[in-house]
Amino acid sequence: MTAGIDLGQPQAQAIRSDEDVVRVRQLVRTVAVAVKLSLVDQTKVVTAASELARNTLVYGGGGTVEVGTVDNGMRRGVRIVFTDSGPGIADLDLALTDGYTTGGGLGLGLSGARRLVDEFDIQTAVGEGTRITVTKWSR
């Protein structure tokens, strides 16, 4: 256990407010430190998680995140799964394009998060919500 977190089980966190986005960042950092990610990789995965948590809140109407550890026999990593029951993403290719934004921001959310992690999987359906799974491995 690290700081009250059982690394053997994914930790669930609701995303319903800006404060929850901050809690997601803190949880991801704690797990990233526990699996011994470098400081640079900690920063990358926390940044990606922050972007995806904010998207879950703003575009998905809130949802949940599960943060856990993974081990492939050679190295450990952090796996984060964001799930919402929002409207889904109508044009996924467009949403993953650098510079694309529906919120007046920089348009770096999904594409930026994808670049910051080692594995990125997104499942979405219009009217059914979105599930994004990201993994950052230790080096």
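Predicted model: local features only at pLDDT ≥ 70, side-chain atom pairs only at ≥ 80, totals over all residues.
Visitor: Which secondary-structure elements does the chain contain, and in what order do they run from the N terminus?

Guide: One begins with the inventory and then follows the order. Here the chain holds four helices and five strands, and from the N terminus on they run β-α-α-β-β-α-α-β-β.

Visitor: What share of the residues is buried, and what belongs to carbon and sulfur atoms in the accessible surface?

Guide: Burial is counted by residue, whereas surface composition is assigned by atom. Buried residues account for 43% of the 139 in the chain. The accessible surface is about 7300 Å², and carbon and sulfur atoms contribute 50% of that area.

Visitor: Where does Asp41 lie, and is Asp41 buried or exposed?

Guide: A residue is placed first in its element, then by its accessibility. Asp41 belongs to helix H2, which spans residues 39-58. Its relative accessible area is 4%, so Asp41 counts as buried, the limit being under 20%.

Visitor: Which residues does Asp41 touch beyond those up to four places away in sequence?

Guide: Asp41 touches Lys136, Trp137 and Arg139. With Arg139 there is also a polar contact between the two side chains, at 3.3 Å. A further spatial relation concerns Val117: its C-alpha lies 8.5 Å from that of Asp41, although 76 residues separate the two in sequence.

Conventions
Residues numbered from 1 in each chain as written. Heavy atoms only, no water. Helix = DSSP H or I, 4+ residues; strand = E, 2+ residues; numbered from the N terminus. Buried < 20%, exposed > 50% of the residue type's maximum accessible area, 1.4 Å probe, protein only. Areas by Shrake-Rupley, 256 points an atom, 1.4 Å probe, with all protein chains shown as cover. Contact = heavy atoms within 4.5 Å. Polar contact = N/O pair within 3.5 Å; in protein donor to acceptor, adjacent residues only side chain to side chain.
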